[in-house]
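Hi,

Here is the structure I promised to pass on. My notes follow below it; have a look and tell me what you think.

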Amino acid sequence: MKLRDLIDNDGLQVSVVVGQPQDMDRVVSGAYITDLPDPSPFISAGDVVLTSGLWTGKSVSVHSFIDALADRRAAALLIGIIEIGIIPETVIDYCRERSLALLTVSPSISFKTISSFIVDQQPMSSVHIARKALGFSAKIADTISGGGGSQEVLDCFRDDFAVDCWIINADGSVAASAGRTLTARDSSALWNQAVRTVANETFTATFDGAPASIIPMGLQGERDYFILAGSMESFSQEVYLAVEAVVNAVRVERALVRRNARAESENARHFIGSIARQEVSPGAISARMRIEGMSPKNDSVFLVAAVNDPHFPHSALRGLLIRALDHDECRTLAYDDERKSIILANGTFSKPFTLHQRLSEHDRLLLDGRSLAIGVSDFTTGVSRLGSSFATAMERMESARGSSGITVSTSVYPNTHEALLRFLGTGIRSGFTAEVLGPLLSYDKRHNGNLLTTLRVFLANDCSWQETSTQLHMHINTLRYRITRIEELLNRDIGSLDDRVDLVLAFDSLNVKDE
């Protein structure tokens with residue numbers, strides 16, 4: 001601001017006592033209130049010095065005070081007359097001699113009012129910045145309390161500071177945008193730079209050949225990102241404080257979204273887990289499906305997917321699968337298990353089910369050269385085959401894993417008995433083991449015996465008496481007695497190929513785990 005801005009403001013009631021027209025063009029950079037006889041250590045160029053004039057009683061003080069202001073190129077001296085009644089002629093004359101503008105103010109106006117006005121006109125002053133930041137924070141608070149969300153907060157920031165900004169979810173989708181619209185290529189490129197940067201602090205990325213500031217929000221693996229066009233180092237303190245206010249406001253909303261997503265994921269985990277383990281009755285599954293908005297009369301299909309990058313977020317993997325299913329009228333339940341995403345979809349599906357072709361350009365850009373393996377079960381109606389459908393999708397995904405690019409496996413069949421057992425699900429495998437080996441397990445428990453171990457080693461050694469007795473450090477006659485006792489307990493003939501296969505499968509059912 002210039003000195004004339006202070007004088008021309010009628011509300012401040014400032015008048016000129018000494019000053020030439022050119023003096024009114026002096027730049028005002030601050031205000032300082034003092035009655036010290038020698039204020040020289042505290043005066044800066046461009047200051048308007050406000051004083052009650054208590055130092056005017058002695059001519060020596062008059063000269064030293066005015067000299068201090070003139071030597072440091074103060075913009076003006078403003079004297080209030082409440083204390084001294086009238087400005088002494090010696091002051092007026094010496095200000096004229098030193099070419100120092102001399103002002104006065106109405107007794108009804110406080111120095112604080114004038115000082116605040118000067119500060120408000122200084123865009124780079126810390127007080128001005130703090131006031132504007134506080135005002136912007138209040139504006140955001142009003143926006144949120146009025147029901148506004150992330151989009152409205154970003155709009156406020158863009159309107160006030162003219163900086164383009166975006167929020168990109170952990171799954172790679174754009175949640176809010178203010179300013180330039182991001183293309184699929186833009187958003188995926190920014191997201192991939194963010195995902196591949198493990199640090200939890202603000203960092204600078206490249207956006208269309210220019211810098212962009214990325215601020216992570218949330219924990220690794222489920223982070224959302226607030227992104228601004230430009231480098232944080234180039235922003236003013238005012239913009240920096242406004243960014244903090246935006247991030248704090250948006251972080252709360254995004255945390256609630258993530259919490260709800262985690263709750264839905266856990267709900268899906270328990271439900272699908274009970275199907276895979278066959279722990280509940282078909283009636284209970286049907287009832288639960290209806291609660292989830294699904295119908296047992298409609299087609300159901302399982303999808304299991306994995307990406308060959310441990311830093312690729314689960315939510316992104318789930319998101320691209322669910323978006324691929326948006327072509328159909330279906331309801332989905334999804335959760336993550338280690339580095340896999342599992343989805344149960346139920347509804348009306350278009351046939352043929354060409355999942356590979358349904359992945360959008362944006363989803364392919366998100367993958368950015370990573371390998372994606374998807375196992376898809378056969379469609380099934382009702383609930384009796386859901387457990388085996390889950391195992392089928394899991395097995396097909398495992399068979400596709402390791403392939404390059406995007407691999408959708410829909411027709412891979414098991415080629416080992418371990419793979420076949422996985423198709424049966426945990427519940428059926430456990431039941432089969434209990435039926436075949438139950439009497440032996442009960443006997444060992446009652447007698448603190450180890451007949452189960454004897455049988456396991458005997459089968460593993462292809463029923464070789466000598467190798468088994470050597471491995472168990474057991475006399476061969478003792479081994480023969482034990483095998484006879486085992487056959488009696490199980491009502492099986494180990495010499496029979498059919499019985500031997502049953503026993504081997506019962507042992508393997510204990511060891512096979514769902515991948």
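The lining of the largest pocket divides into 16 charged, eleven nonpolar and ten polar residues (Ala, Val, Leu, Ile, Met, Phe, Trp, Tyr, Cys and Pro count as nonpolar, Asp, Glu, Lys and Arg as charged, and the others, Gly among them, as polar). A pocket here is an open set of points on a 1 Å grid over the protein atoms alone, where a 1.4 Å probe fits, with protein on both sides within 12 Å along at least five of seven lines; lining residues have an atom within 4 Å of a point. The space in this largest pocket is about 910 Å³, the volume being that filled by probe spheres set on the points, which are joined across faces, edges and corners. Of its 37 lining residues, Ala261, His314, Ser315, Arg318 and Asp336 are the closest to the centre. Two or more lining residues come from each of α8 (237-276), α10 (314-325) and β12 (329-337), and α8 gives the largest share, eleven residues. Helices (H or I, at least four residues) and strands (E, at least two) are DSSP runs, numbered from the N terminus.

Before you go further: this is a predicted model, in which local features need pLDDT of at least 70 and side-chain atom pairs count only at pLDDT 80 or more, while totals for chains, interfaces and linings use all residues. Residues are numbered from 1 along each chain as its sequence is written, and side-chain values use heavy atoms, with hydrogens and water left out.

Next, strand β6 (residues 165-168). Antiparallel pairing over four bridges links β6 to β7 (residues 174-178), and β6 also pairs in the antiparallel sense with β10 (residues 224-229), again over four bridges; two strands pair if DSSP finds at least two bridges between them. Ile168 sits opposite Val174 in β7, and Cys165 opposite Leu228 in β10. Five residues separate β6 from β7 in their hairpin, where Gly172 in the turn has a positive phi of about 90°. Both faces of β6 are covered, with Cys165 and Ile167 buried on one side and Trp166 and Ile168 on the other. Buried means under 20% relative accessible area, exposed over 50%, and partly exposed in between (1.4 Å probe, protein chains only).

Helix α15 (residues 451-460) is largely enclosed by the rest of the structure, because seven of its ten residues are buried. Among them are Leu451, Leu455 and Phe458. Just after α15, Asp462 has a positive phi of about 55°.

Happy to talk it through!
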